Amino acid sequence: MSERPAIQYAELLRQLRAERGLTQEELASAAGISPRTISDLERGINQTPRKATAELLADALRLPEPGREQFMTAARRRPADADAGAGTGTPAAGVAGPEDVADDADDADASNVVWIESAASTAFVDREEELGALREAWSWARAGRRVLALVAGEPGIGKTALTAELARSVRADGGLVLYGRWDEHVPAPYQAFREALNDYARVCPDVVLRRDLAGLAEEIARLCPEPAHRVGASAPPQAAAQAERFRLFESIDTWIGRIAARHPVLLVLDDLQWADQPSFFLLPHLMRARRSTPLLTVAMYRNLGPERSEFAAALPALTRDIDCRRVSLRGLEHRGVTTLLEDAAGRTFGERESGMVAELEYETAGNPFFLLEMARHLSEVGAFDRDVVRLGETPAEIPQSIRDMVRSRLRRLTGECAETLAVAALIGERFDADLVASAASLTDAATVDLLEEAAGAGLIAEIEDEPDHWRFSHSLTRRVTSEELSRGRRAVLHQRIGEKLEFRPGVAAAELAHHFGAAANKGSAQKAVRYGHLAGKRALQEVAAEVAVRHFRKALELLDRFGPDDQALRCELLLDLAGAHDRAGEYQARDERFAEAADTARRLGSDELFARAALGYGGVLPASVRPDLRAQALLEEALKRLDEGDDGTRATILARLAHWLHNVRPYPERLELSDRSVAMARRTHDRRTLATVLLHRCWALDGPGDVGDSLAVAGEILTIGAELDDPALTLEGLRIQLAAQFENGRHAAAMRTAQEMKTLAEAAAHPEFIRLAAMWDIVAATMGGHFGRAEELAGELGRRLDQIGHSQAQLISVAQSASWRLLQGYATEYIAPFEALSAADPGNLAYPAITAWCLAEAGAGDRAAELLGRIDPASAADADKNYVWWAVVVGFSGAVDLVGDRRWAEALYELAAPYAGSNCTLGLASFLGAADHWLGVLATAAGRYTEAAAHLEAALARHREMGARPWTALTEEAYGRALSLRGQPEDLERAAALTESAMRTAGELELAAIVNRARLRG
């Protein structure tokens, strides 16, 4: 296939430049254009140059006729011209085919030169110390470290000029400069990152981009669909929120790492104060990643208050566990002020100007932008020839004199020019002439004339190498310009801009929502609501639930304020808002919105919308869910509202209701609900619905007698996961299988399942299952007596849970550490927490059971005995066989072992005897010993020594098989005691050997509770 015309011209330009031995920079200098123009033309980014640009290049290349004419002809070609000649299969003469350039394709020229050249200041003075700090940070980054530099300062202080000066030296040093910024008004997720990566990708050769995005493109498509589409990828379907975000962040990190492997990277992020919450998650993720990467990220932000609360809250976290350098810019000193003004005036100042310089320094506080604006104005009015200049008062943010300067320039513009500039100010910091012309109802020629008039006044400037694109000279200029408009006029212009943008392909829904939202009023908010709704959905696709919340909430506010009175739409918005809260981890807000949606659906009489609200309430339920009467009522009402039938919705509601009732209703009732839901789901022949129902079944039941059922359910879920090619579902099956094997005493099988789950979780980048694998690693370490390693892993897991705001972070920490900390003799530190839990949740018998055990282990046997005396042993028999049932049995058994309550011992033995051979576990959180150990302890306390010996022998074999050294020692001590109490001749020698072995291990592992066992029993 023949080359596309842009590639033909690009290769021709590259070939001619190479023949003359010129670099891109040398050719650009000779032609009087920027190096970025050359780079874009040679890579086909700009498919055809302007005629004037082509003529400048022809002159710089010194092309004779007829070569000059051929060069100009190639520059004027359009794609259609070349398509007519397609099919020859041969590139144009002298032009290399893609296979000839693939091996040496490089992205060395992909820096954002346009930003560097527009941002760099010719009046860069008195910032040597700050620039030195940034250059030092770059030297560390260049050596392979990830470094974050936070550059703070008020508007106009020179943050951008300083960073652009650094960027110049970075590019000269062989580094790659990427640039992006956040917008104040349009909440676009990850906007600065997206802009930086998209701008880079547009210049990056296809062969390099394809190689860099290998294995990443689908995830990258969530954030940057354009480069992903170039390599034939699209975003994957929605998955669990944490998993989606983790995979996206890891993919971005890997992509940047691959870029940095060729050229060290300077990533410039501008206007951090406007960043969205997801960006505040992504930035530290990139900077904390462990892979060695030559990356310096410079984030600039304004430090004027009052700051956005989320920015103020996020800023400290950016310096935690990160190599962070902070640079705070203040006003120029007197010497710098003088130099800046001298440069602006074009002459050296003497004694006569010193008073003027001092007053300007005072009035502007040394702010470089304010100084230059004042200098420009004073020069225009001839004030530099006067002896004294008086400038007036200055408010806190922008000196009034600067506002007056901008207003003065606006007043000197023609009325039509000022109106045109107002339209541009509402479009954004950057704008294109075509949109301004459309919104202002002007011809293209008239628009260009008016924009050039504004540029002549120093208010805007044309963006080099981006035809017909302009930018405001400073954000303050744009702000003052827009402030000149009345509220009504702004609304009219926003409406007009929105209407023009609607017809442009590729315009983000968030941008449309911004303009139509600013224009909304009674009876005309439909578009604002519609685009806000679409923007929220897009934000969810981009793994930015926090931004989606803002869009949905704004759309809902506009709907409620301006109409139309569409309750069905309102309910849909509430459901989407609740779902976004859920994915953002805002669980209280989630449930409030789902309840509100249910109320709205009830008034509408929509059973389908009501069912969605009832099913959404509570989000993804944990294994042991806290009772919630509203959740129960919503599900029960949803069941009544649905038509009778074996549909998937009814099956899911039944299953979820059984799960919600885990700690509320008796086991037989939950079992009946679960059986009905499973049978109903099977009749739908919907495999995913069946998998969902089976998952709920495991957590609805989850007692010691359900291990066999759980193994069968796990097998079925694994089969469905394989059928649907769904790694998340497969991981759910492996989690259930692992917990069941662990409790069933199949330790070798459990270890294999744990490794399989960990491998798949890491491959699928699924943080929830990576967390579960980490929990298992902690359990395995404690079973082996590797307490130091367990504490290290627990610390890492705790930090990870805190970072993601896990709702059960504290309970997980306590559940994982309590058993082995008790064996080490630290029972005292758990008494108060478990007493508080007992008071907060009096219906949960596990808390007083563990409290009694802790009291006994801490030497407070009298208090433990008193607690046992206040509780009827029959209450343990009545306790529901659910997730925490083993904690009830083990807690009371541990107390009985040390205080010797025979009544309790008999009751607990009868309760636990059917589960001999099992392990006592709390899911994957904790190992509480073999059930036979506690049966042996209880039999000993009841004086049934022969039965005790049989149980303890079985427990000893189990613990040794598992390599559970602390538990082996505990069982040896208990076994030795039981044999001593039995007192048969053959028992004494064995008892002594067991006790000696227990004490030896206890000494090695510092298990104070075992060493002091005899004293604790009194």
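I started at Trp255: leaving aside neighbours within four places in sequence, Trp255 is in contact with Leu197, Tyr200, Ala201, Leu209, Asp212, Leu213, Leu216, Ile220 and Pro227. Contact here means heavy atoms within 4.5 Å.

Ground rules, noted before going on. This is a predicted model, where local features need pLDDT of at least 70 and side-chain atom pairs count only at pLDDT 80 or more, while totals for chains, interfaces and linings use all residues. Residues are numbered from 1 along each chain as its sequence is written, and side-chain values use heavy atoms, with hydrogens and water left out.

**Entry: the cores**

I looked up where Trp255 belongs. Trp255 and Leu272 have the most contacts inside the largest nonpolar core, which has 159 residues. Helix α29 (residues 545-562) gives this core its largest share, 10 residues. I also found a second, separate core of 103 residues, with Ala739, Ile770, Ala827 and Ala879 among its members.

My note on terms: a nonpolar core is a set of buried Ala, Val, Leu, Ile, Met, Phe, Trp, Tyr and Cys residues joined through side-chain atoms within 4.5 Å. Buried means under 20% relative accessible area, exposed means over 50%, and partly exposed is in between (1.4 Å probe, protein chains only). Helices (H or I, at least four residues) and strands (E, at least two) are DSSP runs, numbered from the N terminus. In soluble globular proteins, nonpolar side chains tend to be buried together.

**Entry: the whole chain**

I stepped back for the totals. The chain has 54 helices and 10 strands, and its C-alpha atoms fill a box of roughly 115 × 70 × 65 Å along the principal axes. Of the 1018 residues, 56% are buried. I checked the contacts between residues at least 6 apart in sequence, and 71% of them join residues at least 24 apart.

How many side chains are positive and how many negative? I get 117 positive and 151 negative, with the centres of the two sets 1 Å apart. Lys and Arg count as positive, Asp and Glu as negative, and His and the chain ends are not counted. The place of a charge is NZ of Lys, CZ of Arg, CG of Asp or CD of Glu.

**Entry: aromatic pairs**

Rings of Phe, Tyr and Trp (its six-membered ring) pair if their centres lie within 6.5 Å; planes under 30 degrees apart are stacked, over 60 edge-to-face, and the rest tilted. By this rule I have 19 aromatic pairs.

I picked out Phe834 and Tyr847, a tilted pair at 6.4 Å centre to centre with 45° between the planes. Phe834 sits in helix α43 (residues 828-840) and Tyr847 in helix α44 (residues 846-857), 13 residues apart. Why do I call Phe834 buried? Because its relative accessible area is 8%. Tyr847 is buried too, at 15%.

Next I looked at Trp886 and Tyr915, which are edge-to-face at 6.2 Å centre to centre and 80° between the planes. Trp886 is in helix α47 (residues 885-899) and Tyr915 in the loop between α48 (902-912) and β9 (919-922), so this pair ties together parts 29 residues apart in sequence. I have Trp886 as buried at 3% and Tyr915 as buried at 15% relative accessibility.

I also wrote down one aromatic cluster: Phe742, Trp776, Trp853, Phe927, Trp934 and Trp967.

Is Glu973 buried or exposed? Glu973 counts as buried, because its relative accessibility is 8%. I found Glu973 in helix α51 (residues 965-982). Not counting residues up to four places away in sequence, Glu973 touches Ala998, Met999, Ile1010, Arg1013 and Arg1017.

Val480 is in helix α25 (residues 475-483) and is buried, with a relative accessible area of 1%. Leaving aside neighbours within four places in sequence, Val480 is in contact with Arg403, Val406 and Arg407.

I went looking for a cis peptide bond and found one joining Gly563 and Pro564, with omega about 5°. Pro564 is in the loop between α29 and α30 (567-583).

Which way does phi go at Arg62? Phi of Arg62 is positive, about 55°, although Arg62 is not a glycine. Arg62 lies in the loop between α4 (51-61) and α5 (67-76) and is exposed at 73%.

Ser441, also not a glycine, has a positive phi near 60°. I found Ser441 in the loop between α23 (433-440) and α24, and at 59% relative accessibility Ser441 counts as exposed.
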